[in-house]
Amino acid sequence: MRYFLLLLTTFLFSTPLFSQTLDPIKWKANVEKESEDSYILYFKATLDKGWHLYSQNEAETDEIAPTPTEFTFNNGAETYTLVGETIEPKGIEKYDNIFEMDVKYFEKEATFSQKIKLVDKSLKTVKAEVFFSVCDDEKCLAPEVLEFDLNLTGEATENKGDVSTITAEDRSKSEALHININGKEKFLLEEVEQKSYLNIFILGFLGGLIALLTPCVFPMIPLTVSFFTKGAKDRKKGTFNAVLYGVFIFAIYVLLSLPFHLLDSLDPEILNNISTNVTLNIIFFIVFIVFAISFFGYFEITLPASWSNSLDSKANSIGGIVGVFFMALTLALVSFSCTGPILGSLLGGSLSSDGGAMQLSFGMGGFGLALALPFGLFALFPNWLNSLPKSGGWLNAVKVVLGFIELALAFKFLSNADLVEHWGILKREIFIGIWIIIGIAMVLYLFGKLRFPHDSPIKKLSLGRKSLGILTLAFVIYLIPGLTNTAYANLKLLSGFPPPLFYSIYEKETHGPLGLNAYTDFEEGIKMAKQQNKPIMIDFTGWACVNCRKMEEQVWSYQEITDILKEEYILISLYVDDRKELDEDDQFKFLKSDGSVKNIKTIGDKWATFQTLNFRNNSQPYYVLIDTEMNLLNHTTAYTPNTNEYLKWLKKGVKNFKK
């Protein structure tokens with residue numbers, strides 16, 4: 001049955017596993033005669049929806065930047081001269097948050113024009129080339145060069161090259177680019193694991209349980225349940241209202257995430273772009289510092305009292321189901337000083353980890369469910385209320401402990417910004433040192449050596465404070481090796497949270513992205529993989545590929561991923577837009593599948609052709625796991641901002657290699 005499905009799928013789609021060759025842009029050229037010796041050459045690009053072609057005038061910079069469009073006219077000054085520069089349309093000009101620079105690009109279509117004046121009036125054909133690359137919100141394609149023969153009578157054709165000029169040596173060099181990939185059938189029907197939202201739901205639920213233990217929420221549980229069960233005309237009605245109250249609490253917190261779905265639908269990449277934004281991470285850092293100070297008791301973050309008073313009066317006057325809803329909304333507002341910072345952590349965590357709107361909804365749902373459960377359960381089993389501990393100073397202690405946690409989390413956002421901008425102000429050891437100081441302060445607080453404004457005098461340490469103090473001290477001790485330059489500095493329990501090991505105050509070797517040892521020649525990488533008996537990850541990338549850099553900085557930088565790339569794989573990074581010319585002996589002509597001839601002149605030409613020939617894919621980033629016998633070790637993958645998904649993909653490759 002499996003092979004029948006395989007044959008059926010192959011028959012229906014007639015493409016290999018990784019066939020994703022994209023062709024989102026079409027070019028046409030034509031000529032318009034102005035006078036006996038004056039002509040205008042037109043080049044029209046038509047783009048698929050969502051794709052961008054960049055201006056000719058992009059600034060030259062050493063930083064990541066779009067590949068500019070370039071026109072070259074090859075006949076020479078003895079036949080005609082160019083009148084002015086190539087004119088391009090108005091296009092769209094704006095500051096691009098990904099490239100972090102002003103860019104100009106074109107959507108849907110763009111027509112370029114170049115005026116020429118003939119020197120040789122017998123000239124019949126003008127030869128021109130256009131060099132370009134296109135990108136969408138997730139990927140860029142390797143730069144291409146198209147050649148045109150423009151007949152001055154008005155006809156224009158794309159010059160696909162003369163097949164007869166291809167020599168035996170060209171064919172031999174072309175054949176050397178081809179590698180026989182095995183295992184396509186094995187992964188053709190394999191489902192790619194879908195994102196699981198269970199983790200973020202559980203984290204949200206835990207956040208809600210913590211919020212229950214704060215002074216703003218905990219005392220409300222017996223008061224509210226008693227109000228419903230004792231104030232109703234009968235027990236059944238009171239229980240129903242209390243359960244409905246819990247349902248509305250859950251619904252309110254889920255509804256709070258809906259605006260982010262609207263943003264996501266307007267622009268699917270907006271939340272992803274937010275997560276990489278330095279300004280946003282700095283804002284989150286400041287907000288979390290403010291939350292921490294608030295939890296320490298120096299001031300309270302509250303919403304306007306008029307809001308809660310107005311909702312409370314509506315709840316009392318309306319009654320019924322609508323009244324219960326307004327009571328739930330009132331609780332959400334009056335408890336904001338305690339729940340707000342925890343919700344802020346959830347929001348910041350979802351956005352800064354590329355989680356997006358759906359993960360945020362699951363997290364908010366878990367948070368709302370944890371807050372809602374006690375009201376429903378205690379309404380069903382009112383005798384349980386007698387087992388609840390009495391309110392007291394311990395509730396304030398919970399808030400202060402949360403303040404220390406918020407303070408530690410704040411530096412994660414500052415670290416994100418520091419990593420992206422390479423400021424060097426929060427290297428790994430400095431980050432860990434700050435956490436050690438915060439941890440020591442929390443230990444001193446739990447053992448009664450530090451006090452904050454709303455703390456009551458401690459006559460005797462409770463078992464809870466002692467236990468939490470000992471656990472915190474153990475955590476601080478665990479962090480200490482992270483300050484060293486030894487093998488013990490890799491704190492695997494915190495993998496992905498502190499800055500990566502290579503971002504260190506100690507000098508590290510840097511051979512490739514993030515200090516990884518990356519080979520930029522395929523054969524060289526294969527040779528090393530055979531020597532070390534390791535699997536290979538081919539990284540098809542580009543210097544101007546912004547999502548390639550985002551994968552390296554946002555995903556590869558997670559410690560466990562950095563470790564597996566460094567220790568388990570031979571990394572081969574092939575830059576498809578590298579314009580450095582190959583040695584003359586290494587240049588050749590390649591016959592494409594459509595019958596046209598491609599001149600392989602640069603390093604980028606070679607690796608772009610290598611990718612398309614062997615994997616029927618021409619987008620970057622693009623990742624392939626193979627062994628030295630050219631066996632696929634997992635399905636191929638592309639831009640994958642979810643770190644857990646990417647890590648599982650890498651681990652499965654290692655597992656299949658060891659088999």
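Leaving aside neighbours within four places in sequence, which residues is F411 in contact with? They are F285, L426, F431, I434 and I438; contact means heavy atoms within 4.5 Å.

## Basis

This is a predicted model, where local features need pLDDT of at least 70, side-chain atom pairs count only at pLDDT 80 or more, and totals for chains, interfaces and linings use all residues. Residues are numbered from 1 along each chain as its sequence is written, and side-chain values use heavy atoms, without hydrogens and water.

## Nonpolar cores

The largest nonpolar core has 32 residues. Such a core is a set of buried Ala, Val, Leu, Ile, Met, Phe, Trp, Tyr and Cys residues joined through side-chain atoms within 4.5 Å. Buried means under 20% relative accessible area, with a 1.4 Å probe and protein chains only. F404, F411, Y445 and L479 touch the most other members.

Helices α9 (278-295), α14 (393-421), α15 (428-446) and α16 (463-479) each supply at least two residues of this core. Helices are DSSP runs (H or I, at least four residues), numbered from the N terminus. α14 gives the most, with 10 residues. Apart from this core lies another, of 30 residues, including L53, F71, L123 and V126.

## F367

F367 lies in α13 (residues 356-380). F367 is buried, at 1% relative accessible area. Its C-alpha atom is separated by 4.2 Å from that of G208, 159 residues apart along the chain.

## Helix pair α19 and α21

α19 (residues 559-567) and α21 (residues 643-658) pack at about 25°, with axes 10 Å apart. The pair is therefore roughly parallel, a label for angles under 35 degrees.

Conventions:
Buried means under 20% relative accessible area, exposed over 50%, partly exposed in between (1.4 Å probe, protein chains only). Axes are lines fitted to C-alpha atoms, for helices over the stretch in contact, and angles run from 0 to 180 degrees between N-to-C directions. Angles under 35 degrees count as roughly parallel, over 145 as roughly antiparallel, 65 to 115 as roughly perpendicular and the rest as oblique.
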